Amino acid sequence: MPRLSVWMVRTALVCLVAGFALGALILAARGMAEPPGFVARLRPLHVELLLLGWIVNLGFGVAYWILPARVDGTGRGAGLGAGAAFALLNAGVLLAGVGQALTAPAIVPLLGRAAEAAGAAAFAAHAWRRVRPYGATRRAT
Amino acid sequence: MPPLTRWLVRTALVCFVAGLLLGVAMQVGAAREAFPLLAAAWPGYVHLLTVGWVTQLIMGVAFWLFPRTDRSRPAPPAWLGWTGYVLLNAGLLMRLAAEPAAMLDPATPLRNLLPLSALLQLAAACCFALLLWPRVRERAGDR
(Lines give C-alpha, C1' and ligand atoms only; values in the text may rest on other atoms or scores of the structure.)
Protein backbone atom coordinates (compact mmCIF):
# COMPACT_ATOMS: atom_id res chain seq x y z
CA MET A 1 0.00 0.00 0.00
CA PRO A 2 1.51 3.43 -0.88
CA ARG A 3 2.24 5.87 1.94
CA LEU A 4 -0.57 8.24 0.97
CA SER A 5 -3.10 5.37 1.11
CA VAL A 6 -1.80 4.44 4.55
CA TRP A 7 -2.46 8.01 5.72
CA MET A 8 -5.90 8.07 4.14
CA VAL A 9 -7.05 4.70 5.50
CA ARG A 10 -5.66 5.34 8.98
CA THR A 11 -7.36 8.74 9.04
CA ALA A 12 -10.57 6.95 8.02
CA LEU A 13 -10.21 4.56 10.96
CA VAL A 14 -9.62 7.47 13.36
CA CYS A 15 -12.73 9.19 11.98
CA LEU A 16 -14.69 5.94 12.39
CA VAL A 17 -13.88 5.71 16.09
CA ALA A 18 -14.35 9.45 16.68
CA GLY A 19 -17.65 9.48 14.77
CA PHE A 20 -18.94 6.42 16.64
CA ALA A 21 -17.87 8.01 19.95
CA LEU A 22 -19.93 11.11 19.17
CA GLY A 23 -22.81 8.93 17.96
CA ALA A 24 -22.63 6.97 21.20
CA LEU A 25 -22.88 10.21 23.20
CA ILE A 26 -25.87 11.35 21.16
CA LEU A 27 -27.64 7.98 21.46
CA ALA A 28 -26.88 7.64 25.16
CA ALA A 29 -28.28 11.14 25.73
CA ARG A 30 -31.60 9.99 24.25
CA GLY A 31 -31.80 7.54 27.12
CA MET A 32 -31.43 10.30 29.73
CA ALA A 33 -34.30 12.15 31.35
CA GLU A 34 -32.48 15.48 30.96
CA PRO A 35 -29.79 15.21 28.29
CA PRO A 36 -27.01 17.82 28.38
CA GLY A 37 -27.69 20.61 25.89
CA PHE A 38 -24.35 20.43 24.08
CA VAL A 39 -25.00 16.88 22.86
CA ALA A 40 -27.55 17.93 20.22
CA ARG A 41 -24.95 20.27 18.67
CA LEU A 42 -22.57 17.34 18.11
CA ARG A 43 -24.78 15.77 15.45
CA PRO A 44 -23.36 17.65 12.41
CA LEU A 45 -19.81 16.73 13.46
CA HIS A 46 -20.93 13.09 13.91
CA VAL A 47 -22.36 13.10 10.38
CA GLU A 48 -19.29 14.80 8.81
CA LEU A 49 -16.88 12.43 10.54
CA LEU A 50 -18.71 9.30 9.40
CA LEU A 51 -20.03 10.20 5.94
CA LEU A 52 -16.92 12.07 4.76
CA GLY A 53 -14.17 11.37 7.27
CA TRP A 54 -14.74 7.62 7.43
CA ILE A 55 -16.29 6.56 4.13
CA VAL A 56 -14.67 9.06 1.74
CA ASN A 57 -11.17 8.88 3.25
CA LEU A 58 -11.38 5.10 3.00
CA GLY A 59 -12.60 5.30 -0.60
CA PHE A 60 -9.79 7.72 -1.50
CA GLY A 61 -7.19 5.51 0.18
CA VAL A 62 -8.27 2.28 -1.45
CA ALA A 63 -8.77 3.91 -4.86
CA TYR A 64 -5.33 5.56 -4.75
CA TRP A 65 -3.81 2.18 -3.90
CA ILE A 66 -5.71 -0.05 -6.28
CA LEU A 67 -6.65 1.88 -9.44
CA PRO A 68 -4.53 0.96 -12.49
CA ALA A 69 -1.30 2.89 -13.05
CA ARG A 70 -1.31 5.70 -15.58
CA VAL A 71 -0.59 4.72 -19.17
CA ASP A 72 2.19 7.33 -19.45
CA GLY A 73 4.42 5.21 -17.21
CA THR A 74 4.33 7.56 -14.22
CA GLY A 75 2.60 5.00 -11.99
CA ARG A 76 0.16 6.74 -9.69
CA GLY A 77 1.49 10.15 -10.73
CA ALA A 78 3.26 12.61 -8.45
CA GLY A 79 0.60 12.23 -5.78
CA LEU A 80 0.13 16.01 -5.54
CA GLY A 81 -3.51 15.93 -6.64
CA ALA A 82 -4.42 13.04 -4.34
CA GLY A 83 -2.41 14.58 -1.49
CA ALA A 84 -4.22 17.88 -1.95
CA ALA A 85 -7.54 15.99 -2.02
CA PHE A 86 -6.68 14.33 1.30
CA ALA A 87 -5.68 17.64 2.93
CA LEU A 88 -8.70 19.54 1.60
CA LEU A 89 -11.18 16.81 2.54
CA ASN A 90 -9.99 16.60 6.12
CA ALA A 91 -9.64 20.34 6.59
CA GLY A 92 -13.22 20.56 5.27
CA VAL A 93 -14.51 17.88 7.64
CA LEU A 94 -12.98 19.72 10.60
CA LEU A 95 -14.15 23.17 9.52
CA ALA A 96 -17.68 22.08 8.61
CA GLY A 97 -18.14 19.67 11.52
CA VAL A 98 -16.45 21.61 14.32
CA GLY A 99 -17.78 24.90 12.94
CA GLN A 100 -21.36 23.68 13.22
CA ALA A 101 -20.78 22.01 16.60
CA LEU A 102 -19.36 25.23 18.05
CA THR A 103 -21.97 27.37 16.25
CA ALA A 104 -19.15 29.31 14.59
CA PRO A 105 -20.00 32.10 12.09
CA ALA A 106 -21.67 30.71 8.96
CA ILE A 107 -18.55 31.37 6.89
CA VAL A 108 -16.66 28.61 8.76
CA PRO A 109 -18.90 25.65 7.77
CA LEU A 110 -19.23 27.22 4.32
CA LEU A 111 -15.45 27.21 3.92
CA GLY A 112 -15.45 23.64 5.19
CA ARG A 113 -17.97 22.51 2.61
CA ALA A 114 -16.01 24.35 -0.11
CA ALA A 115 -12.82 22.57 0.98
CA GLU A 116 -14.62 19.21 0.85
CA ALA A 117 -15.90 19.94 -2.65
CA ALA A 118 -12.43 21.06 -3.76
CA GLY A 119 -11.00 17.85 -2.28
CA ALA A 120 -13.52 15.79 -4.24
CA ALA A 121 -12.64 17.65 -7.45
CA ALA A 122 -8.90 17.21 -6.82
CA PHE A 123 -9.34 13.48 -6.31
CA ALA A 124 -11.55 13.14 -9.37
CA ALA A 125 -8.90 14.97 -11.44
CA HIS A 126 -6.22 12.62 -10.09
CA ALA A 127 -8.21 9.42 -10.60
CA TRP A 128 -9.68 10.31 -14.02
CA ARG A 129 -6.73 9.09 -16.09
CA ARG A 130 -6.32 5.97 -13.99
CA VAL A 131 -9.83 4.74 -14.82
CA ARG A 132 -9.23 2.90 -18.07
CA PRO A 133 -9.99 -0.37 -19.85
CA TYR A 134 -7.77 -3.46 -19.68
CA GLY A 135 -4.80 -3.33 -22.02
CA ALA A 136 -5.03 0.42 -22.69
CA THR A 137 -1.72 1.89 -23.80
CA ARG A 138 -0.50 5.40 -24.54
CA ARG A 139 -2.21 6.86 -27.61
CA ALA A 140 0.15 7.12 -30.59
CA THR A 141 1.20 10.72 -31.24
CA MET B 1 -13.05 -15.46 1.74
CA PRO B 2 -12.36 -15.84 5.48
CA PRO B 3 -15.31 -16.86 7.71
CA LEU B 4 -15.44 -13.42 9.41
CA THR B 5 -15.77 -11.76 6.01
CA ARG B 6 -18.60 -14.10 5.00
CA TRP B 7 -20.53 -13.33 8.19
CA LEU B 8 -19.94 -9.59 7.89
CA VAL B 9 -20.90 -9.39 4.21
CA ARG B 10 -23.99 -11.61 4.54
CA THR B 11 -25.17 -9.68 7.60
CA ALA B 12 -24.52 -6.44 5.69
CA LEU B 13 -26.73 -7.73 2.86
CA VAL B 14 -29.49 -8.61 5.34
CA CYS B 15 -29.25 -5.08 6.80
CA PHE B 16 -29.37 -3.59 3.29
CA VAL B 17 -32.60 -5.40 2.40
CA ALA B 18 -34.10 -4.86 5.87
CA GLY B 19 -33.24 -1.16 5.76
CA LEU B 20 -34.86 -0.63 2.39
CA LEU B 21 -37.94 -2.64 3.41
CA LEU B 22 -38.20 -0.47 6.53
CA GLY B 23 -37.98 2.55 4.23
CA VAL B 24 -40.89 1.20 2.21
CA ALA B 25 -42.95 0.53 5.33
CA MET B 26 -42.28 4.06 6.61
CA GLN B 27 -43.81 5.45 3.42
CA VAL B 28 -47.02 3.39 3.59
CA GLY B 29 -49.74 5.22 5.51
CA ALA B 30 -51.64 2.05 6.43
CA ALA B 31 -48.46 0.51 7.84
CA ARG B 32 -47.77 3.64 9.92
CA GLU B 33 -51.30 3.46 11.31
CA ALA B 34 -50.98 -0.22 12.14
CA PHE B 35 -47.47 0.18 13.63
CA PRO B 36 -47.09 3.66 15.14
CA LEU B 37 -43.43 2.92 15.93
CA LEU B 38 -42.74 3.35 12.20
CA ALA B 39 -43.32 7.08 12.61
CA ALA B 40 -40.18 7.21 14.77
CA ALA B 41 -38.11 4.74 12.75
CA TRP B 42 -36.09 7.29 10.72
CA PRO B 43 -32.88 7.12 12.86
CA GLY B 44 -33.07 3.32 12.79
CA TYR B 45 -33.50 3.34 9.00
CA VAL B 46 -30.47 5.60 8.53
CA HIS B 47 -28.28 3.54 10.87
CA LEU B 48 -29.41 0.23 9.41
CA LEU B 49 -28.06 1.47 6.08
CA THR B 50 -24.95 3.39 7.20
CA VAL B 51 -23.82 1.10 10.04
CA GLY B 52 -25.44 -2.26 9.27
CA TRP B 53 -24.95 -2.15 5.51
CA VAL B 54 -22.10 0.19 4.49
CA THR B 55 -19.78 -0.01 7.51
CA GLN B 56 -20.23 -3.75 7.95
CA LEU B 57 -19.63 -4.40 4.25
CA ILE B 58 -16.48 -2.26 4.33
CA MET B 59 -15.20 -4.14 7.38
CA GLY B 60 -15.83 -7.50 5.73
CA VAL B 61 -14.10 -6.58 2.48
CA ALA B 62 -11.21 -4.80 4.24
CA PHE B 63 -10.58 -7.84 6.47
CA TRP B 64 -10.47 -9.97 3.34
CA LEU B 65 -8.39 -7.73 1.05
CA PHE B 66 -6.09 -5.55 3.12
CA PRO B 67 -2.42 -6.62 3.08
CA ARG B 68 -1.59 -9.52 5.39
CA THR B 69 0.53 -9.00 8.45
CA ASP B 70 3.94 -10.64 8.58
CA ARG B 71 6.26 -12.01 11.23
CA SER B 72 7.55 -8.55 12.12
CA ARG B 73 3.99 -7.32 12.73
CA PRO B 74 1.83 -10.16 13.97
CA ALA B 75 -1.89 -10.10 13.23
CA PRO B 76 -4.26 -8.97 16.01
CA PRO B 77 -6.17 -11.90 17.54
CA ALA B 78 -9.12 -13.14 15.46
CA TRP B 79 -11.52 -12.83 18.41
CA LEU B 80 -11.22 -9.05 18.04
CA GLY B 81 -13.06 -9.22 14.71
CA TRP B 82 -15.72 -11.63 15.99
CA THR B 83 -16.23 -9.48 19.08
CA GLY B 84 -16.66 -6.43 16.86
CA TYR B 85 -19.18 -8.31 14.73
CA VAL B 86 -21.27 -9.41 17.71
CA LEU B 87 -21.11 -6.03 19.48
CA LEU B 88 -21.99 -4.06 16.35
CA ASN B 89 -25.04 -6.13 15.53
CA ALA B 90 -26.20 -6.45 19.12
CA GLY B 91 -25.92 -2.67 19.54
CA LEU B 92 -27.71 -2.03 16.27
CA LEU B 93 -30.56 -4.42 17.09
CA MET B 94 -30.90 -2.91 20.55
CA ARG B 95 -31.13 0.55 19.02
CA LEU B 96 -33.73 -0.56 16.47
CA ALA B 97 -35.87 -1.99 19.26
CA ALA B 98 -35.48 0.77 21.84
CA GLU B 99 -35.12 4.07 19.99
CA PRO B 100 -38.56 4.38 18.35
CA ALA B 101 -40.24 3.30 21.58
CA ALA B 102 -38.23 5.86 23.57
CA MET B 103 -39.05 8.60 21.06
CA LEU B 104 -42.80 7.92 21.26
CA ASP B 105 -42.93 7.25 25.01
CA PRO B 106 -40.12 8.83 27.05
CA ALA B 107 -41.24 6.85 30.11
CA THR B 108 -40.66 3.43 28.54
CA PRO B 109 -38.07 1.28 30.32
CA LEU B 110 -36.68 0.35 26.87
CA ARG B 111 -35.07 3.78 26.96
CA ASN B 112 -32.48 2.42 29.39
CA LEU B 113 -31.15 0.21 26.59
CA LEU B 114 -29.97 3.21 24.54
CA PRO B 115 -26.77 3.95 26.51
CA LEU B 116 -25.89 0.25 26.39
CA SER B 117 -26.51 0.14 22.65
CA ALA B 118 -24.28 3.21 22.27
CA LEU B 119 -21.50 1.56 24.26
CA LEU B 120 -21.71 -1.71 22.29
CA GLN B 121 -21.44 0.07 18.94
CA LEU B 122 -18.53 2.24 20.08
CA ALA B 123 -16.73 -0.84 21.39
CA ALA B 124 -17.35 -2.54 18.03
CA ALA B 125 -15.79 0.40 16.14
CA CYS B 126 -12.73 0.19 18.42
CA CYS B 127 -12.44 -3.58 17.80
CA PHE B 128 -12.56 -3.13 14.02
CA ALA B 129 -10.09 -0.22 14.07
CA LEU B 130 -7.63 -2.26 16.18
CA LEU B 131 -8.12 -5.28 13.92
CA LEU B 132 -7.37 -3.41 10.71
CA TRP B 133 -4.78 -0.86 11.88
CA PRO B 134 -1.71 -3.16 11.67
CA ARG B 135 -2.73 -4.24 8.15
CA VAL B 136 -2.76 -0.66 6.86
CA ARG B 137 0.93 -0.36 6.18
CA GLU B 138 3.39 0.70 3.57
CA ARG B 139 5.11 -1.91 1.44
CA ALA B 140 8.75 -1.33 0.56
CA GLY B 141 8.99 0.13 -2.93
CA ASP B 142 5.29 0.95 -3.21
CA ARG B 143 5.16 4.76 -3.34
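This is a predicted model: local features need pLDDT of at least 70, side-chain atom pairs count only at pLDDT 80 or more; totals for chains, interfaces and linings use all residues.
1. Residues are numbered from 1 along each chain as its sequence is written, while chains are lettered from A and ligands numbered from 1 in the order in which they are written.

2. Start with helix 1 (residues 3–30) and helix 2 (residues 43–66) of chain A, whose axes come within 8 Å and cross at roughly 160°. Helices here are DSSP runs (H or I, at least four residues), numbered from the N terminus. Axes are lines fitted to C-alpha atoms over the stretch in contact, and angles run from 0 to 180 degrees between N-to-C directions. The crossing angle therefore makes helix 1 of chain A roughly antiparallel to helix 2 of chain A (over 145 degrees).

3. Next, helix 2 of chain A packs with helix 3 (residues 80–101) of chain A at about 170°, their axes 8 Å apart. This pair is thus also described as roughly antiparallel. Among the residues making the contact are A:Leu45 and A:Phe60 of helix 2 and A:Phe86 and A:Leu89 of helix 3. Residues are in contact if their C-beta atoms, placed from the backbone, lie within 7 Å.

4. Finally, look between the chains: 19 residues of chain A are in contact with 27 residues of chain B. On the chain A side, helix 1 gives the largest share, 13 residues.

Terms used: Helices (H or I, at least four residues) and strands (E, at least two) are DSSP runs, numbered from the N terminus. Angles under 35 degrees count as roughly parallel, over 145 as roughly antiparallel, 65 to 115 as roughly perpendicular and the rest as oblique. Two residues are in contact if their C-beta atoms, placed from the backbone, lie within 7 Å.
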